[in-house]
Amino acid sequence: MRAALLQLTSSDDPAANLVTVRAMLREAAGQGAGFVLTPEVSNCVSMDRARQTAVLRPEAEDAFIAGCREEAAALGIWLLLGSVAVKSDPPEPRFANRSLLIAPDGGIVARYDKMHMFDVQVCETETYRESAGFAPGDRAVLAQTPFGAVGLTVCYDLRFAYLYRALAQAGAVVLTVPSAFSPGTGPDHWQPLLQARAIETGCYVLAPAQTGSHAAQAGRTRRTYGHSMAIDPWGRVLLDAGTEPGVFCLDLDPGAVTEARRRLPSLTHDRVVRGLA
């Protein structure tokens with residue numbers, strides 16, 4: 001399976017972002033990719049709740065999602081919309097940060113709402129309260145595809161190893177980590193965490209990322225770290241996209257998962273912790 005990670009610098013204009021993503025999907029398919037992944041909040045990067053309220057839509061009414069489904073069907077590819085920001089179903093007033101797996105016929109085969117909210121103060125000038133605007137999901141999601149089971153996660157989930165172990169023990173061979181990672185933590189945490197999740201699970205880890213300075217019609221501009229990455233099941237870095245937007249392809253070998261788990265079968269070695277001495 002040839003996969004492609006799209007590294008984006010999405011703005012707070014979903015219509016403009018759709019034009020960019022559709023062109024990149026065509027480029028990825030032209031390079032032979034059958035599985036294409038986009039980053040977190042591909043449709044809208046915004047720090048302004050009023051702007052989000054004005055431009056975001058429920059999933060069924062979202063033109064960005066509809067356009068991507070149409071493009072996936074036209075190209076005959078599997079597409080992970082790493083995440084899209086959408087309005088939740090009533091009575092939930094907050095948005096959902098939702099990852100969507102789209103089949104080659106354009107149908108949505110899996111939905112995952114980000115479980116762990118990024119409520120942190122990275123430094124004096126960089127504070128996030130994701131839970132103020134987004135409702136957390138409450139279940140892990142594993143999707144079946146012709147190239148193996150895919151475990152869906154989003155960005156800050158990366159710091160919670162139990163989620164990835166549960167997905168791997170349920171059968172995942174690929175773990176997806178679409179992100180809009182903070183430049184304050186990225187240089188120190190991004191690659192080591194991705195490698196740890198791959199090593200712990202014996203899975204491929206595919207992590208398409210937002211990058212650079214994101215244009216905003218309202219509110220303050222956000223910056224993201226970039227460095228979309230792919231890690232093999234032994235923990236080796238197969239791809240580091242750097243900081244420029246683009247389409248980055250690589251080939252996946254399902255046999256690598258089997259071999260890594262044969263050599264290091266740690267997924268079968270769990271012990272029950274019954275207390276602390």
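Which residues of helix α5 are buried?

## Basis of the model

This is a predicted model, in which local features need pLDDT of at least 70, side-chain atom pairs count only at pLDDT 80 or more, and totals for chains, interfaces and linings use all residues. Residues are numbered from 1 along each chain as its sequence is written, and side-chain values use heavy atoms, with hydrogens and water left out.

## Helix α5

In helix α5, which spans residues 161-169, the buried residues are L163, Y164, L167 and A168. Buried means under 20% relative accessible area, with a 1.4 Å probe and protein chains only. Helices are DSSP runs of H or I with at least four residues, strands are runs of E with at least two, and both are numbered from the N terminus.

After α5 comes G171, whose phi is positive, near 125 degrees.

## Strand β1

Strand β1 (residues 2-7) is largely enclosed by the rest of the structure, because five of its six residues are buried. Two strands pair if DSSP finds at least two bridges between them. Strand β1 runs antiparallel to β16 (residues 246-251), joined by six bridges, and L6 stands opposite V247 in β16. With β2 (residues 35-37), β1 pairs in the parallel sense over three bridges; here A3 stands opposite F35.

Methods
Buried means under 20% relative accessible area, exposed over 50%, partly exposed in between (1.4 Å probe, protein chains only).
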